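These are notes for a colleague who is opening this structure for the first time. Please read them with the model in view.

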Amino acid sequence: MRFSTACVAALSAGVASAGSWFGGSQEVLVKDVQKVPGDSPLEFCDSDHSNDIIKIESVDLLPNPPESGTELVIRATGTVFETIVDGAVVNLVVKYGLIRLISTQADLCEQIENVDLKCPIEKGVLSITKAVEIPKEVPPGTYNVYAEVISVDEKPITCLQATVKFGGSKSILGDGDL
């Protein structure tokens, strides 16, 4: 349950203005074409985002890549084009390799309380900074996180995904691990 809460909290930050949070030695895998601006493993889902209610301008994670057993600071900014009210949902799927760990629909207004926001989310520029603890018990492997956010009247709010591989050695040259 702590793992699920960390997933939803980090993606809620991404959703509300706008992660992934896994640790150990890891490698973050993302495509440049769909990457969310900033220093994070987030990318936009493969879909048309021209009608999204939120335009995510940047998401930064500190540290990036995230590490298990540490605090992750999420900084996100974006623009909300239409007020978001009660009834909006997050369709969240988390997979460990090919194994589906979480497949749930969560109430967005309940989840954004994890990033100190409340519904309604009014139109305008929104900035969030939130610290979350990453459980040290997260097992090594590849995690795929997918979060589609939909308004009460079924309009797309945003859709984010991330792939994080952790455990084993880092692939950064010069870090002493080969």
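1. Contact here means heavy atoms within 4.5 Å. On that basis, and leaving aside neighbours within four places in sequence, Q161 is in contact with P41, L42, E43, F44, C45, V145 and Y146. Q161 is found in strand β9. Its relative accessibility is 17%, and since buried means under 20%, Q161 counts as buried. Please keep in mind throughout that this is a predicted model.

2. C45 is joined to C159, with an S to S distance of 2.1 Å. The link of C45 and C159 is left-handed, at -75° about the S-S bond. It connects distant parts of the chain, 114 residues apart: C45 sits in the loop between β2 (43-44) and β3, while C159 belongs to strand β9 (residues 156-166).

3. How many disulfides does a search of the whole structure find? It finds two. Besides the pair already described, C109 is joined to C119, with an S to S distance of 1.9 Å. The link of C109 and C119 is left-handed, with -85° about the S-S bond. C109 lies in helix α2 (residues 108-111) and C119 in the loop between α2 and β7, so this pair ties together parts that are ten residues apart in sequence.

4. C109 has a relative accessible area of 6% and is buried, whereas C119 is partly exposed, at 22%. When the bonded cysteines are counted along the chain, the disulfides follow the pattern 1-4, 2-3.

5. The loop between α2 and β7, which holds C119, has two further points to check. The peptide bond from C119 to P120 is cis, with omega near 0°, and P120 lies in that loop. D116 is in the loop between α2 and β7 as well. D116 is not a glycine, yet its phi is positive, about 60°. With a relative accessible area of 59%, D116 is exposed.

6. The peptide bond from N64 to P65 is cis, with omega near 10°, and P65 is placed in the loop between β3 and β4. E154, a residue other than glycine, has a positive phi near 65°. E154 belongs to the loop between β8 (141-150) and β9 and is exposed, with a relative accessible area of 68%.

7. The next item is a sheet. Three strands form an open sheet in the order β3-β4-β7, with antiparallel pairing. Why is one side of β3 and of β7 left without a neighbour in the sheet? β3 (54-62) and β7 (124-133) stand at the edges and each has a single partner strand, so one side of each has no neighbour there. On average, neighbouring strands of this sheet are turned by 15° against each other, direction ignored.

8. Within this sheet, strand β4 (residues 71-80) pairs with β7 in the antiparallel sense over ten bridges.

Terms used: Residues are numbered from 1 along each chain as its sequence is written. This is a predicted model: local features need pLDDT of at least 70, side-chain atom pairs count only at pLDDT 80 or more; totals for chains, interfaces and linings use all residues. Side-chain values use heavy atoms; hydrogens and water are left out. Two strands pair if DSSP finds at least two bridges between them. Helices (H or I, at least four residues) and strands (E, at least two) are DSSP runs, numbered from the N terminus. Axes are lines fitted to C-alpha atoms, for helices over the stretch in contact, and angles run from 0 to 180 degrees between N-to-C directions. A disulfide is a pair of cysteine sulfur atoms within 2.5 Å. Buried means under 20% relative accessible area, exposed over 50%, partly exposed in between (1.4 Å probe, protein chains only).
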